[in-house]
Amino acid sequence: MEKLYGKKELVILICMIVFMIIPLFTEIYHEVFYRITIFILFISLLLFFIITVDQEEKFYKKWKIARNRNKLIYVIKTGSIWAVFQILGAFFSKYIINNYTPFYVYSKTPLGFIIFYILFIFFLGFMVGIISWGGNERKYEKIYNTRRLREKQDLIECNENH
């Protein structure tokens, strides 16, 4: 029987609990909106884990195609998507917690810091893309090796039966 929760799921669960108790220790301007957002994220992640159970075949086929493409393009694409979501999340959290609009944050933040922040986030996104590539490669190799082992066992059983 497989483990019900892995390290990723446990970390996400702990983060969700922390996010739910943050309003107890600090003032949040849009607390209802904050809690609704956290609830929606939690439900989305829960559905993601339920739906992605036994999705190895789908991953295997998609990654087999993706790994034949250029690694740099994958890293840039994945990192850029991550970076954009981080930047949007920063603005969104400022609005929910402090009621600061993106324009207000932009007007009160020095341009040099904004440029540094964006470059730093995209650098981290590049690192996320590299780590993601490595994780997907390990997952692909694990599935590939499991398939080969299963095929060998099936071949041995077939030969023993005949």
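Contact means heavy atoms within 4.5 Å. This is a predicted model, in which local features need pLDDT of at least 70, side-chain atom pairs count only at pLDDT 80 or more, and totals for chains, interfaces and linings use all residues. Residues are numbered from 1 along each chain as its sequence is written, and side-chain values use heavy atoms, with hydrogens and water left out.

**View 1. Thr37 and its contacts.** Thr37 sits in helix 2, residues 31-51. Helices (H or I, at least four residues) are DSSP runs, numbered from the N terminus. Thr37 touches Phe92 and Ile96, leaving aside residues up to four places away in sequence. Its relative accessible area is 19%, so Thr37 is buried. Buried means under 20% relative accessible area, exposed over 50%, and partly exposed in between (1.4 Å probe, protein chains only).

**View 2. Glu31 in helix 2.** Glu31 also belongs to helix 2. This residue is partly exposed, at 33% relative accessible area. Ile76 is 45 residues from Glu31 along the chain, and their C-alpha atoms are separated by 35 Å.

**View 3. Tyr74 and its contacts.** Tyr74 is part of helix 4, residues 71-98. With a relative accessible area of 18%, Tyr74 is buried. Residues up to four places away in sequence aside, Tyr74 touches Trp63, Gly129, Ser132, Trp133 and Asn136. Phe85 is 11 residues from Tyr74 in sequence and 17 Å away in space, C-alpha to C-alpha.

View 4. Side chains of opposite charge can pair when their charged atoms come close. The structure holds 2 salt bridges (a side-chain nitrogen of Lys or Arg within 4 Å of a carboxyl oxygen of Asp or Glu). Arg67 meets Glu137 in a salt bridge at 2.8 Å, N to O. Glu137 is in helix 6 and Arg67 in the loop between helix 3 (56-66) and helix 4, 70 residues apart. Arg67 also meets Glu141 in a salt bridge, at 3.4 Å, N to O. Glu141 lies in helix 6 and Arg67 in the loop, so this pair ties together parts that are 74 residues apart in sequence. Glu137 is buried at 18% relative accessible area. Arg67 is partly exposed at 27%, and Glu141 is partly exposed at 32%.

**View 5. A negative surface patch.** Glu151, Asp154, Glu157 and Glu160 form this patch. Patches of this kind are made of residues with over 30% relative accessible area and no salt bridge, like charges being joined within 9 Å. Asp154 lies in helix 6, residues 111-161. Asp154 counts as partly exposed, at 47% relative accessibility.

Note on methods: Patch = residues over 30% accessible without salt bridge, like charges linked within 9 Å, V, L, I, M, F, W, Y side chains within 5 Å. Areas by Shrake-Rupley, 256 points an atom, 1.4 Å probe, with all protein chains shown as cover. Lys, Arg positive; Asp, Glu negative; His and termini not counted. Charge placed at Lys NZ, Arg CZ, Asp CG, Glu CD. Helix = DSSP H or I, 4+ residues; strand = E, 2+ residues; numbered from the N terminus.
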